[in-house]
Amino acid sequence: MRTVSRLRRITVLFLFAVLLLLGPAVRESQAAVEGSLRSAADDGRVYLPLVGHYARNDLVPPVEAGAPTARTPRPTATPPPPVPGAWEWSNFTLSRHVTSLYMDAAGQRMWVGTTSGLVTWDMRSATPQKFTVAEGLLTNEITAVHVDPLGRVWVGHDLGVSLSEDGGRRWQALRDAEMLYGLEVSAIVADGAGGTWFGTRSGLVERAADGTFDVVHTPAVLIDQPITSALRDAAGNLWFGADGAGLVRRAPDGGWRVFSLADGLPDAHVLSLAADSGGIWVGTENGLGRRDAAGGWSVVRQAHSEEGRGPIGRVVAVAAAPGGDVWIAAENNLLRLPRGQSEAVYRSDDDVFGATAVAATADGEVWVGAETTLAHRAADGTWSERLTPDVVPDARVKAIALGEDGAWFGTAGGVAHRDGDGAWRGLTATADDAQTFFYDMDVASDGRVWLATGFGLIEIAPSGEQRLHHIEARLPFSYVASVALDPDDRPWIASGPGPVTDANIAWLGADGVWRSRLVTHPLTGTPIWDFMAIEVDAAGTVWLGSTGGLFRLDRNGRTTGHYGAFDDLPSNLVTSIAADAKGRVWVGTTGLFNEMTGRYDGGGVAMLDHDIWTQYTADDGLLTNKWITGIDFDRDGGTWFATEAGLSHMDAAGRWSSAVAADGLPAGQAIDVAVAADGGVWASMVAPSDGDPNERPRLVAHRPPGGAWRTVSTTLGAAATPIQVGGIARNPAGGIVLGSPRHIIWQAADGARRSAFAGLHLLDVGAAATDALGNVWFGSPIGLARRARNGGWRMWTVTEGLPDGVIDALHVDVEGSVWLGLTQTEPADGSAPSGGGVARLGSDGAWEHWTRRDGLASNRVRDIALGPGGALWAATEPETDEFGDTLGGGVSRRAGDGTWTTFTAGDGLLDDWTSSIVAAADGEVFVGGQGGISRRSPGGEWSTLGAEDGLPDSGIETLEIGPGGDLWIGTSDGAARRRSDGALEVWGLADGLGDVNIVSIGVGDDAVWFGHLFHGLSRMSRR
């Protein structure tokens, strides 16, 4: 037996009812969109319209540009004997933040600059190719791209320029160009004499045809002026946009002219330029201007949409299409200025949020670069995304764990995994508020709970172990609206209103394989995309409730019957279904709102008993006909109904009664109801309010056998906030189960409780580790997650006993205990920080916690290390008390006998603000901080290592001990290795390192991985 809960869709149900009434035209439109998406996926991927975000669980490695050139590690003051060609570098970056676009003259390739490398798109095959520092670029931060008439590709960076003279096959970083090295290059344009001009944030630089550089001092307005944009028109004039000094033109004869507000320029802060057949378009801080061939100016400052009119504001990019339309990226919006019009237009169909760059091609295509995507608009107006096959879900890689089954990378946007064969896939957070919501639940005979969420199906055992079927198995759709178990405890699921797929129901076969089918409306032939309820009766018949009535299916998913309001149902809007022990099927519905009368028409309950329908409404004793969202049966043959007005009950003799606030039930709407094996009745309630029902407080009520109603607390563990229970179901294994968007509570008959976090949170993973059994552990701001070797997951939060704090460090000892370094959380209300310290999850499942009161140097623990003899080392930084004063800091050691010792700057540390720590097998301890590395010898003596000793930088971000005992060092300006003989090797951008700011390191037998703060991953492997 099961019950159904419905929270979020209560507020949107009528929208889907309206869509259903629109008939086949809407479905045909959906089919047309789906067909256009499929036709665009020539390479096997589906390009999606820019109307939402869709997860990709399987990622493939980026396209390599070819074999990287051999590089020799850069020596330091005390280098080891160099080994030429010893290392090969690869960069794995997330090239989704577009900064610049450039179409080559032949119209064959679109050059795309991103914050994590350069990408070219072949226009004919729609395939990308990526270039990073591993291929020779100066840095992975691309700020400008230009292809000159000789076919040379010039790339601007945040620190200078790169050049390819053969169309991208080979690259050289122009580090010897002193005029540009270290400058942010924001614009590039070639003149007609073989020269190249570079706009920077501090002026204009010219490179003559002979390769010599010179800073442009004429006109004077260009001196130290930020140059934002540049172009060459058909007449050979060079145009430069200056942020604050207006528009500057250089004629082919070398003459200069500055255009200001007095000439008709909309604003002196010029941000973007584009040319059409007869003029120049100038994007400024305050609108768009055009200078025609005769010298006249026109200005566009307004844009309109369906919602009204407003200023277009800051124009960061502009492109003129051949047909006369002008595309404008302004204030995070994409606008279009139709030919001959004086006002731009915003259309939701063309929306690309965060637009940063625009390019138009000769054949009518438009390319738009944004903060998270590259969008392509075909000549017929259809949109698609052109996404590189990146392997990391986010460019910020803060944790690396290497194990027998490959490498795991924790990022700000999820976890990436690379197996031993080099195949990649990504796992995103599945319990994030923006991605997941609890819709339905069912409980198996052993107490396992199956959760239907907006981001997949979750199976979770009372032990807390769970399986996420959208990750570990191939579900045909990700939006699971309803779930029910058949007599063999196998799940059936139905979809909600999500992306169009080939199926809307699925079931897990006895062989462990998911099967699916598309259920269509028998009258219109159109698919149903919003199933409100599902039930499988004792005979194995499947019942589906939707916005289009009730469907009956056989064990193979084939439709064998359909019932609607014109047949025997009180309403087409089915909100709950339950089958009793006699084989009868009870169907809860809601009426349709009549705007003329202000009432709900129809609705109520229908019961099917061997092909005979009986209806029950408010006229029979039901509290209301609205929103019958839960049904369950008591042991005396009675039936309980959760309604908008409270609980209704009909006993076996047909007598009706109710439970409302006056009877002790909490006031509000009843969402679900369940009867436990002992006869006690449980209900979940939503407090009354005019606001969003998902934001209202949710309460649980219980009436024991022969007792009165009372409100039950749902606060668990150390969590101060009650669990927001939405669904309640009888537990066949005993007791009751309470379900919420993130937690499941098993309530035993004697009142004992256990809880488990439902789903995962893998955003902002700050620590990761593997244990001896092959399990992988991840620490996120929400809690601790473990992926077992068999693919199962478990997660601990403060509700499950995890001490409060953000997990910054994680290690597993030889006994299987998990040690955590926690940083204090900063409350949003500005109150004093809380939590932090060191925590230990024992192999027996018990938690221990140590803070400054126990002898720890500080509750802000940045890193921990496990040393010989069972010693634990903790690197901390001073914490701030309620008066703003700093307390503690330094390094603490917990000996095997449990005693604590603290070391500070007074004992030999470089600084009490420490960030990283490692312990070697021989007892050596290395501590990183902003002043360098402090080393404690096995005998207890302290020494230091810093930039003056050959390190790339004194700011130490991370430390790692390699298999051979070498110390690997990540700094704010490069990587280093201190060999056991004391010699140093260092690496930077020139060697192939994708970013000099290194926040995580993973050392394997044949490769070293470097996680970056902004640019993904670098891999250094043996040739």
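**Figure 1. Both faces of strand S42 are covered in this predicted model.** On one side of S42 lie Pro491, Ile493 and Ser495, and on the other lie Trp492 and Ala494; all of these residues are buried. In a regular strand the side chains alternate between the two faces of the sheet. Strand S42 spans residues 491–495, and because five of its five residues are buried, the strand is largely enclosed by the rest of the structure.

**Figure 2. Strand S42 pairs with strand S41.** S41 covers residues 480–485 and runs antiparallel to S42, with five bridges between the two. Within this pairing, alanine 484 stands opposite tryptophan 492 of S42. The two strands form a hairpin with five residues between them. In that hairpin, aspartate 489 takes a positive phi near 65°.

**Figure 3. Strand S42 is also joined to strand S43.** S43 is made of residues 505–508, and three bridges link it to S42. These two strands run antiparallel.

**Figure 4. Valine 927 is buried in strand S82.** The strand consists of residues 925–929. Is valine 927 buried or exposed? Its relative accessibility is 2%, and a residue counts as buried under 20%, so valine 927 is buried. Leaving aside residues up to four places away in sequence, valine 927 touches Val891, Leu909, Thr914, Ser916, Ile917, Gly932, Ile933, Ser934, Trp942 and Leu959. For one of these residues, isoleucine 917, the C-alpha to C-alpha distance from valine 927 is 4.5 Å, with 10 residues of separation in sequence.

**Figure 5. The largest nonpolar core holds 30 residues.** The members that touch the most other members are Met441, Val449, Leu451, Ile744, Leu762 and Phe778. Strands that give two or more residues to this core include S33 (397–403), S37 (438–443), S38 (449–453), S65 (743–747) and S68 (776–779). The largest share, three residues, comes from S37.

Figure 6. The chain contains 1023 residues, of which 57% count as buried. Among contacts with a separation of 6 or more, 48% are between residues 24 or more positions apart. The chain exposes about 39700 Å², and carbon and sulfur atoms supply 48% of that area.

Technical notes. Residues numbered from 1 in each chain as written. Predicted model: local features only at pLDDT ≥ 70, side-chain atom pairs only at ≥ 80, totals over all residues. Heavy atoms only, no water. Helix = DSSP H or I, 4+ residues; strand = E, 2+ residues; numbered from the N terminus. Buried < 20%, exposed > 50% of the residue type's maximum accessible area, 1.4 Å probe, protein only. Contact = heavy atoms within 4.5 Å. Core = buried A, V, L, I, M, F, W, Y, C linked by side-chain atoms within 4.5 Å. Areas by Shrake-Rupley, 256 points an atom, 1.4 Å probe, with all protein chains shown as cover. Pairing = 2+ DSSP bridges.
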